Amino acid sequence: MVEPILRIENLYKNFGDVEVLKGVSLTVEEGEVVVIIGPSGTGKSTLLRCINYLTVPDSGDIYFEGRKIEYKQDNLSIVRQKIGMVFQEFNLFNHLTALQNVAIGPSKVKKINKTKALELAEKELLRVGLQDKADHYPAELSGGQKQRVAIARALAMDPKILLFDEPTSALDPELTGEVLMVMKDLALDGMTMMVVSHEMGFAREVSDKIIFLEGGVVSEMGSPEKIFNNPDKERTLEFVSKITRLGPIDSSRGGSDI
Amino acid sequence: MREQIAFFVSIFPALWEGLIVSLKLSAGALILGFTIGLPMALARTYGKGIVKKIAIAYIETIRGTPMVVQLFIIYFGLPDLGILIDRIPAAIIALGINSSAYQAEYFRGAIQSIDSGQMMAAEALGMTKKQAVRHIILPQALRIVLPPWSNEVIYMVKYTSVAFLIAVPELMARGKMIISWTFKPLEVLFWVGVIYVIVLSIIAKIVDLVELKISIPGFQMSREDHY
Amino acid sequence: MGLNGKAGEVFKSIPYILQGLEVTLKVTILALIIGAALGLILALMRVYGGGFCSRISVFYSRIIRSLPLIVILFGLYYLGADILDLSAYTAVILALSVHTAAYQSEIFRGAIQSISIGQMEAALALGMSKFQCIFSIILPQALRRAIPYWSNEAAIVLKDSSLAYVLGIAELLRRGEYVSARTTMPLLTYTIVGVIYFILTFVLSRGLFFVERKLSIPE
């Protein structure tokens with residue numbers, strides 16, 4: 001049996017008195033696209049942040065490429081280089097152009113020489129269709145463009161898995177399509193992805209597995225067919241149909257865009 | 001009026017020399033203030049335990065006491081410990097230490113105004129905290145700090161006049177000297193004031209030009225927004 | 001504690017130094033009050049005064065903020081001595097007031113301009129006069145917002161009052177100098193003066209912070 005690229009066992013995280021994660025376990029296989037859905041405040045973002053230790057879990061184990069990540073001993077930098085992350089608020093570096101944003105990781109973290117890093121960055125910008133915006137600063141880009149640059153920035157580190165934390169929630173509805181398109185292309189290229197999102201069209205069409213997180217635990221997980229059509233739990237069906245009806249972006253449109 | 005101008009011309013060379021001293025003092029103080037202030041800001045923002053406490057104590061002590069008192073402690077007081085410092089270096093050290101505390105607070109304010117997502121994104125790329133501060137936080141903070149920092153430049157040029165109290169021959173001291181020769185205090189002070197106003201306007205203009213020159217989209221601010 | 005003679009002398013002189021407190025505090029408080037009144041008028045002139053008034057206010061603020069306090073102090077002192085017959089003490093209060101007024105006008109202006117235009121529009125829509133709008137809607141909000149900056153300025157005025165020293169007024173620093181000359185212990189004496197100022201600015205800042213919290217409204 002092939003070891004999954006990511007295995008999370010019994011993850012717990014409290015913030016003060018609030019228990020956010022209460023024993024989350026899941027696996028992600030190489031090449032898989034996993035979409036995490038669930039009500040707000042249920043720890044979806046916290047779960048993603050625990051994977052690359054931007055948030056340090058209270059207990060539980062995370063195995064990446066078959067090796068347990070040891071918070072105290074491991075060089076987190078090396079782990080994080082292999083786990084790309086895309087944020088809801090983009091978090092592009094405001095003082096750098098699009099190209100420099102993409103190049104800074106390879107040049108400062110991987111210590112690739114600057115010319116090579118810039119060449120690499122150009123390639124990644126091309127991949128997200130923004131080669132013509134290379135010299136623009138974040139303040140000069142639309143939300144959708146910012147998010148695509150952020151994806152290119154993560155890709156430039158040549159990650160083994162990409163984490164997306166509600167990548168389209170901060171975008172105006174008409175700008176989500178371009179970001180979802182890029183994400184879909186990545187999925188088709190075989191990129192392993194873990195996506196927190198309520199873009200049901202994307203989940204239905206692109207994902208291999210949907211995880212329904214509620215109350216700090218994995219309430220149900222399964223293929224999109226199962227989750228959408230005949231989930232085990234009444235509650236899952238209720239949530240999915242509510243999101244599909246009222247979701248931030250209605251799924252029929254998301255679906256046709258992709 | 002013509003008389004006034006003739007008078008100005010006669011005292012100008014002495015005032016000019018004083019102005020040069022004032023500008024040198026402020027440049028020295030600003031550089032010293034930056035050199036101490038930036039590490040203090042980093043220690044106060046990112047330091048832990050004793051390092052952070054020392055930075056806070058330093059900054060708050062300096063900001064809680066008048067600059068003249070600091071100047072007197074350094075120039076008149078330190079000789080009690082066998083440390084003798086000449087007037088001009090003493091003035092630069094006193095002004096520089098004073099400025100460092102204020103600069104530290106400007107830097108700290110700028111650093112804290114940067115969205116926490118910037119640090120998070122840098123760490124997610126695999127940067128260490130040190131790398132993130134150096135490559136991501138500081139380049140932005142130094143841009144944000146420019147408007148309040150340029151006000152500090154103006155403050156320093158004005159506050160060098162305090163050095164006159166330890167007989168440093170800066171602009172104010174020259175003015176006082178000329179007053180004692182000419183017995184025309186109001187005329188002399190008027191021209192001293194005019195020189196300050198002109199010089200500070202020029203400095204303000206230069207600062208604005210520098211800001212414009214290094215501004216990048218998303219970082220526009222103006223000196224006038226800070227007081 | 002075994003104090004040697006000279007240090008003992010300095011410590012015994014602390015009450016003498018503290019007598020300067022009265023002058024320091026009087027000068028500071030009066031300057032702050034006059035400066036606040038003048039500063040507020042200048043700020044209103046600047047924001048609502050229209051062309052001429054606004055320009056006067058800008059001019060005043062630019063010029064005063066370009067002059068070192070010492071120049072203003074000597075200027076008013078000589079002006080007082082030559083023409084107006086002011087005491088050095090009055091000259092100090094006036095100089096500090098004139099100086100802080102310029103900075104306070106900028107503080108008040110910033111605070112007034114930070115109140116959204118919608119507030120003024122809503123008040124006008126209710127039928128208030130512009131005057132009523134300013135005094136019953138804008139200023140109550142703006143002045144609250146100005147408090148943190150204003151308390152910063154208050155601490156600056158307190159510290160700047162030490163420059164009254166140059167006109168020979170027996171405030172804290174000048175008394176410190178006398179003690180230092182008598183005991184030949186400048187380091188200890190000026191450190192004590194520094195500690196007194198530190199306590200004063202600390203108490204002032206804390207006090208104003210308390211006021212700020214008392215007056216705060218949910219935003």
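Predicted model: local features only at pLDDT ≥ 70, side-chain atom pairs only at ≥ 80, totals over all residues.
Me: Which strands is E9(A) joined to, and do they run parallel or antiparallel?

Reply: To read this, look for the bridges between two strands and then for the direction in which each strand runs. Strand E3 (residues 33–37) of chain A is joined to E9(A) by four bridges, and these two run parallel; within this pairing, A:Val35 has A:Ile210 as its bridge partner, while A:Ile36 is partnered by A:Ile211. E9(A) is also joined by five bridges to strand E10 (residues 217–222) of chain A, and here the two run antiparallel, with A:Gly222 in E10(A) as the bridge partner of A:Ile210.

Me: What do E9(A) and E10(A) form, and how many residues lie between them?

Reply: They form a hairpin with two residues between the strands, and A:Gly215, which is in the turn, has a positive phi of about 60°.

Me: Which way do the side chains of E3(A) point, and are they buried or exposed?

Reply: In general, side chains in a regular strand alternate between the two faces of the sheet. In E3(A), A:Val33, A:Val35 and A:Ile37 point one way, whereas A:Val34 and A:Ile36 point the other way, and all of them are buried. Because five of the five residues of E3(A) are buried, this strand is largely enclosed by the rest of the structure. E3(A) is also joined by four bridges to strand E8 (residues 192–196) of chain A, running parallel, and there A:Val34 has A:Met194 as its bridge partner.

Me: Turning to two other chains, how many residues of chain B are in contact with chain C, and what area is buried between them?

Reply: An interface can be read first by its extent and then by the kinds of contact across it. Here 36 residues of chain B are in contact with 39 residues of chain C, and the area buried between the two chains is about 3300 Å², with carbon and sulfur atoms giving 71% of it. Between chain B and chain C there are zero salt bridges, but eight residue pairs are in polar contact across the interface.

Me: Which helix gives the largest share of the side of chain B that touches chain C?

Reply: That is H9(B), which supplies eight residues. By class, this side of chain B has 24 nonpolar, six polar and six charged residues.

Conventions
Residues numbered from 1 in each chain as written. Chains lettered and ligands numbered in written order. Heavy atoms only, no water. Contact = heavy atoms within 4.5 Å. Buried area = accessible area lost by both parts, 1.4 Å probe. Salt bridge = Lys/Arg side-chain N within 4 Å of Asp/Glu carboxyl O. Polar contact = N/O pair within 3.5 Å; in protein donor to acceptor, adjacent residues only side chain to side chain. Nonpolar A, V, L, I, M, F, W, Y, C, P; charged D, E, K, R; others polar. Pairing = 2+ DSSP bridges. Buried < 20%, exposed > 50% of the residue type's maximum accessible area, 1.4 Å probe, protein only.
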